[in-house]
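Here is a short report on a two-chain model. Please read it with the viewer open.

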Amino acid sequence: MVTSGLAAGAGGGTALGWNIGEDIRQLLAPHFMVNAFRAGTIVAVVAGAIGWFMVLRRQSFAGHTLAVVSFPGAAGAILLGISATAGYFAASIAAALVIAVVPRSPGGRGYSSESAVIGTVQAFALACGALFVSLYGGFLNGLTNLLFGTFLGVSDGQVTILLIVAAAALAVLAGIARPLFFATVDPDVARARGVPARLVSTVFLLLLGCAAAEVSQITGALLVFALLVMPAAAAQQLTARPGLSFVITIALGLAIAWLGLAVAYFSVYPVGFYVTTFGFTAYVASAIIRAAAARLARGRGLRQAVAA
Amino acid sequence: MPAEHDHAAGSVAATAGSAKLAGRPPASRPAVRFDRAEARLGGRTIWSDVTLNVAPGEFVAILGPNGVGKSTLVKAALGLVPLVSGTAVVLGRAPGQAGREIGYLPQRRSFDAGLRVRGIDVVSLGADGERWGVPFPGGGRLFASRRAARQRVNEVIELVGATGFAGQPIGRVSGGEQQRLLIAQALVRRPRLLILDEPLDSLDLPSQAGVAALVSRVCEEDGVTVLLVAHDVNPILSYLDRVAYIAQGGAVSGTPSEVITSETLSALYGTPIEVLRTSDGRLVVVGQPEAPARHTDRHADGAALPW
């Protein structure tokens, strides 16, 4: 993690060959890589599931802010000499509560007031993070890791914490999934049917805080969207079937995380870059597929019209 | 002229229609009954002394200019707005107590064009959307209840004529098509009472006619009581059993031929209104103070509501 001094050694002594079995053996030989894959898998699943709802609810800005807020959380925790993991979660969950209690304009969904508040919180959080880093003094390498991610030195204990938080978050999400979907797609009728919209959206923001804090620990605070937005956005491009796009989201998230970690291991560049690049590729590819499918369908409709 | 108006007193007795019908033997308990009801929002009396009886299976329109509280009346029936005086009974219970038996379509809501959720998914939410938990994918193969629910969803989609476009993302279909899907959503649970708030608003004329005919068919074939809010009576006039006009402070209700007369409407609106009879016997209302420019009034009014 952040405190790891192994960064320089990551690329040393490893070489990518054509024997895939040998490559995978090499990849999983060091214990820190096994832990990196465990953490990456947990984070990809929880980020995919919660990110799917976030994209549908158009709360990406809130998600980004909750991740950015985790940066001062972690920096502050290191400064105080406590676990960075605790700092990530504490900051993101506190920020989620702040966003949740801000009164929204009645009637509408109040995007404008919400986004102004979120932007304010985000800017202040970044400034605090910068202060904590300079107060701590001279851990520039740590700063890069906090912002752009690292997969080195994920401890067994950290994997356990990630797993427990992820399992709890997914359990709660499963509990509120259907009313949350209802309140997202059709808020007026959901309210009339007795869905406690305020409660459901507050719980969701807390879940989003957990997910953002988890992802931040792998991709860094600034690149959480690689796992939180990109898989869900790509999957929702590909299909309008909720169940199917949810499954594709999880699958894409896992593929992006695993590929990113594997390539980063054989390279000297940061894991955040690779994870984000694969996510970006998936999104662009799905946008192209969707456009092509739409064009194909239009063409077919046109030909049928001409034939008729 | 059956209705007596007293604008100076700020309230209109709405009992004229029901008084006439009192001579008729009551078919059964009314589906919806308001008795001298009064509603206030933000300290302002929206309407008072509203008396309305809707018999089971009737198609009733709630009419009136924008901003007089038509939606408030609907929300009072749903139990979302409390009455400050008078009583209301909906399906034999207090408002808000008959939830599952009421299908409600709120005032026009549009779906974001980018929303990647199919029409059929929105309709399915009408069946079990508020239930906690997660809909288990493929549950239809395992559970008979899920299979029945899915079948019911397909049935209502066919009923409203939405089979052709229910598989498309709901933001991509036209306003009239969305409205059909939303009516299907309101019908999934076989409600005894269907409450539609401005379902014809901002639809083009053919869509208005299509949706009006659909609602009338549902009312007749399935015996569903329909309460429909509109500001223009003409597209639905030929289907209606009863109309209730709300104007400044009060209401008048009765059969269309009783209430829809030049005298009553002119007095209600305080502006000259003509009711004409076409060669095939249909009524046409001309001269309602109902310009599209005033739509903003209603939305401003809605924004002041506490939710």
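With 10 C-beta neighbours inside 10 Å, L296(A) counts as exposed. The cut-offs are these: a residue is buried if 20 or more other C-beta atoms lie within 10 Å of its own, exposed if 12 or fewer, and partly exposed in between, with C-beta atoms placed from the backbone. L296(A) sits in helix α13 (residues 271-307) of chain A. Its C-alpha atom is separated by 53 Å from that of V133(A), 163 residues apart along the chain.

The model is predicted: local features need pLDDT of at least 70, side-chain atom pairs count only at pLDDT 80 or more, and totals for chains, interfaces and linings use all residues. Residues are numbered from 1 along each chain as its sequence is written, while chains are lettered from A and ligands numbered from 1 in the order in which they are written. Helices (H or I, at least four residues) and strands (E, at least two) are DSSP runs, numbered from the N terminus.

**Helix packing in chain A**

Two packed helices are described by the angle between their axes and the distance between the axes. Here axes are lines fitted to C-alpha atoms, for helices over the stretch in contact, and angles run from 0 to 180 degrees between N-to-C directions. Helix α9 (residues 197-219) of chain A crosses α4 (residues 84-101) and α7 (residues 156-185).

| Helix pair | Axes come within | Crossing angle, roughly |
|---|---|---|
| α4(A) and α9(A) | 8 Å | 150° |
| α7(A) and α9(A) | 9 Å | 145° |

The angle makes α4(A) roughly antiparallel to α9(A). Angles over 145 degrees count as roughly antiparallel, under 35 as roughly parallel, 65 to 115 as roughly perpendicular and the rest as oblique. The α4(A) crossing is right-handed. That of α7(A) is left-handed. A crossing is left-handed if the near helix is turned anticlockwise from the far one by less than a right angle, and right-handed if clockwise.

Contact means that the C-beta atoms of two residues, placed from the backbone, lie within 7 Å. On α4(A), the contact residues include Y88(A), F89(A) and I93(A); on α9(A), they include L205(A), L206(A) and L208(A). By class, this contact has 13 nonpolar, 6 polar and no charged residues. Ala, Val, Leu, Ile, Met, Phe, Trp, Tyr, Cys and Pro count as nonpolar, Asp, Glu, Lys and Arg as charged, and the others, Gly among them, as polar.

The α7(A) side includes L162(A), V165(A) and I176(A), which belong to the contact with α9(A). Among the α9(A) residues there are V200(A), F204(A) and E214(A). The class count is 17 nonpolar, 1 polar and 1 charged.

**Sheets of chain B**

Chain B has 9 helices and 11 strands. Buried residues make up 44% of its 307 residues.

An open sheet of 6 strands runs in the order β5-β6-β7-β3-β8-β9 (chain B), with mixed pairing. Two strands pair if DSSP finds at least two bridges between them. β5 (102-105) and β9 (250-254) of chain B stand at the edges with a single partner strand each, so one side of each lacks a neighbour in the sheet. Neighbouring strands are turned by 15° against each other on average, direction ignored.

How many residues of β8(B) are buried? The count is 6 of 6, so the strand is largely enclosed by the rest of the structure. R242(B), A244(B) and I246(B) lie on one side, with V243(B), Y245(B) and A247(B) on the other. β8 (residues 242-247) runs antiparallel to β9(B), joined by 5 bridges. A244(B) has S253(B) as its bridge partner, and A247(B) has G250(B). With β3(B), β8(B) runs parallel over 4 bridges. There R242(B) stands opposite V60(B).

A second open sheet has 3 strands in the order β2-β1-β4 (chain B), with antiparallel pairing. Its edge strands are β2 (44-54) and β4 (85-90). The twist averages 30° from one strand to the next. β1 (residues 32-41) pairs with β4(B) over 5 bridges.

**Where the chains meet**

27 residues of chain B are in contact with 24 residues of chain A. α3 (119-128) and α9 (295-303) of chain B each supply at least two residues of the chain B side. α3(B) gives the most, with 4 residues. By class, the chain B side has 16 nonpolar, 4 polar and 7 charged residues.
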